[in-house]
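Take a look at the structure below. We will go from the chain as a whole to its core, then to a helix pair, and end at the ligand.

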Amino acid sequence: MSPTTKRTQPDPDADEAKAPPEQVKTKFCPKLTSDESARIEREDTPEREVEAAAAGKPLPRLELTYPSKTLSPGENGPPVPFQQPTPLTTFSYDSERELRFDDSSLRYYVDPPHGADLRHGYEKWIKRPEEKGRLDGLLRAWLRVRNGLPDEFMNGGVIAWRGVMTRILTAPYEEREGWQLNVMCVNGTVYLEEHISDAKLLEKENLTPHHRLQTYYGYSFESFCTSGMPHAKTGWGGDVDTNIQWCSVVKTKLGNTRLVIGGEVDCVRGKSTKTNDTLVELKTSLTIRGQQDESRFEKKLLKFYFQSFLLGVPEIIVGFRSPAGKLGTVQSFQTMQIPRMVRGKPGSWDPNVCLGWGERFLEFVKEAVQGDVHSAPDGVEEVPVVWRVEFKPGVGISMSQLGPEAVEEVQEGSDRYGFLPRWYWEGSLYNQA
Ligand code: A3P
Ligand code: MG
């Protein structure tokens with residue numbers, strides 16, 4: 001069904017039936033300080049103007065200036081608080097990529113064999129096809145847990161995969177890789193997904209043989225470090241199938257914004273405790289041979305840190321390897337100690353800069369989408385309101401509302417409303433707990 005097709009709405013609940021809502025508006029009104037408002041400017045670019053004219057209404061475009069990294073935390077004001085993530089649920093993807101609400105894909109940590117060859121099993125690698133960063137699995141999990149939370153819990157909150165939140169928070173130090181997000185706001189909750197164009201998807205699918213092998217080393221390390229049973233013997237943990245994943249969904253808060261974040265967790269140490277205490281992230285990196293390598297590794301630690309920090313994973317185990325994939329030293333890092341390790345070093349980073357930026361970014365996005373209307377007057381479905389956020393390294397953030405064609409491209413068919421699965425969107429609007 002196309003986004004403009006007429007649809008009959010499901011029955012609203014009793015209260016709504018008394019005064020049927022013509023338009024469902026977002027319910028939160030994030031307030032910006034006058035200083036922050038000053039950084040948000042509206043402007044129309046030529047191509048948007050063309051699209052806007054075609055659609056018969058202006059499409060806004062907003063910009064957020066790049067954060068300063070030179071300010072010390074004191075000058076930035078007090079550090080933005082980040083609440084300890086609390087696990088809500090876990091789930092597994094099996095080899096068929098079916099989602100199951102169990103821990104069947106959970107792996108247990110085992111010390112890897114000394115000097116392991118990370119090329120082992122390369123030919124048998126079952127590689128998960130690259131896909132768009134859809135929120136479907138996370139939303140299924142969220143639907144199962146949200147009934148246990150207060151009704152207004154996610155009013156003004158954000159739901160995203162951990163990878164998206166890592167990209168946002170590490171942007172102040174990102175010098176090379178830009179990114180794009182699709183953003184929607186339904187009933188006061190903001191949804192973020194990574195926007196991956198078809199061309200980008202193809203590029204990711206067709207890695208050079210060198211890059212493909214390098215990528216495999218990371219997965220192979222995971223296999224050497226894990227087993228399907230606790231306290232197993234050291235050795236190969238089984239052929240790599242990257243369809244299989246175990247994911248954790250947590251709730252947390254950055255500044256005033258509640259977050260529900262989902263992401264893959266590589267394994268647990270000892271046994272699963274339903275807390276974050278035993279979770280482990282596995283990483284590989286080239287063996288450090290000099291000052292330059294050390295600085296490079298410390299830069300990489302920024303991503304390692306936030307990836308784990310966001311889900312509350314307390315331990316990161318790094319396998320240092322040769323360029324040819326021979327495993328060298330294996331070192332464990334306490335996630336919370338990492339900022340202290342890099343402090344004062346050349347090219348160091350400050351997590352408070354990232355958290356301060358993250359808060360500003362989320363407030364900026366919420367301010368933009370707060371007036372969005374997902375309306376269904378007279379049973380006629382309108383084109384969903386979808387925004388595109390673009391980050392350009394060294395430049396900053398721009399955010400614009402998509403025109404109908406771009407929305408259709410994001411939607412890719414009838415079973416979605418914007419990028420949200422239709423079953424979720426209908427459930428969100430009409431079957432709230
Ligand atoms: P390393 O992180 O050891 O390099 P994750 O560490 O996030 O659990 O991911 C496991 C492995 O997937 C990575 O191992 C890497 O090999 C591969 N991988 C993850 N994200 C990637 C990316 N953006 N580009 C290339 N490979 C990636
Ligand atoms: Mg890993």
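Two residues are in contact if their C-beta atoms, placed from the backbone, lie within 7 Å. On that basis, take the contacts in the chain between residues at least 6 apart in sequence: 74% of them join residues at least 24 apart. Keep in mind that this is a predicted model. The chain has 12 helices and 21 strands. Of its 433 residues, 36% are buried.

Now the core. The largest nonpolar core holds 92 residues. Val183, Met184 and Val365 touch the most other members. Helix 10 gives the most to this core, with 10 residues. Take Val183 and leave out residues up to four places away in sequence. Val183 then touches Val190, Leu192, Val365, Val369, Trp387 and Val389.

Helix 10, residues 351–369, also packs against helix 5, residues 162–170. Angles of 65 to 115 degrees count as roughly perpendicular. Helix 5 and helix 10 are therefore roughly perpendicular to each other.

Which residues make the contact? From helix 5 come Ile168, Leu169 and Thr170. They meet Cys354, Leu355, Gly358 and Phe361 in helix 10. By class, the residues of this contact are 5 nonpolar, 2 polar and no charged.

Stay with helix 5. Is it mostly covered or mostly open? Helix 5 is mostly covered, with 8 of its 9 residues buried. The buried residues include two arginines by name, Arg162 and Arg167. Val164, Met165 and Thr166 are buried too, as are Ile168, Leu169 and Thr170. Helix 10 is part of what covers them. The cover also includes strand 7 (158–161), strand 8 (179–186), strand 9 (189–194) and strand 12 (257–264). Helix 8 (291–311) is another part of it.

Last, the ligand. What surrounds ligand 1? Its shell contains Thr215, Gly218, Tyr219 and Phe221, along with Glu264, Asp266, Lys283 and Thr284. Two elements give two or more residues to this shell: helix 7 (209–224) and strand 14 (279–286). Helix 7 provides the largest share, 4 residues. By class, the shell has 2 nonpolar, 3 polar and 3 charged residues.

Conventions: Residues are numbered from 1 along each chain as its sequence is written. Chains are lettered from A and ligands numbered from 1 in the order in which they are written. This is a predicted model: local features need pLDDT of at least 70, side-chain atom pairs count only at pLDDT 80 or more; totals for chains, interfaces and linings use all residues. A residue is near a molecule or strand if its C-beta atom, placed from the backbone, lies within 6 Å of it. Ala, Val, Leu, Ile, Met, Phe, Trp, Tyr, Cys and Pro count as nonpolar, Asp, Glu, Lys and Arg as charged, and the others, Gly among them, as polar. Axes are lines fitted to C-alpha atoms, for helices over the stretch in contact, and angles run from 0 to 180 degrees between N-to-C directions. Angles under 35 degrees count as roughly parallel, over 145 as roughly antiparallel, 65 to 115 as roughly perpendicular and the rest as oblique. A residue is buried if 20 or more other C-beta atoms lie within 10 Å of its own, exposed if 12 or fewer, and partly exposed in between; C-beta atoms are placed from the backbone. A nonpolar core is a set of buried Ala, Val, Leu, Ile, Met, Phe, Trp, Tyr and Cys residues joined through C-beta atoms within 7 Å.
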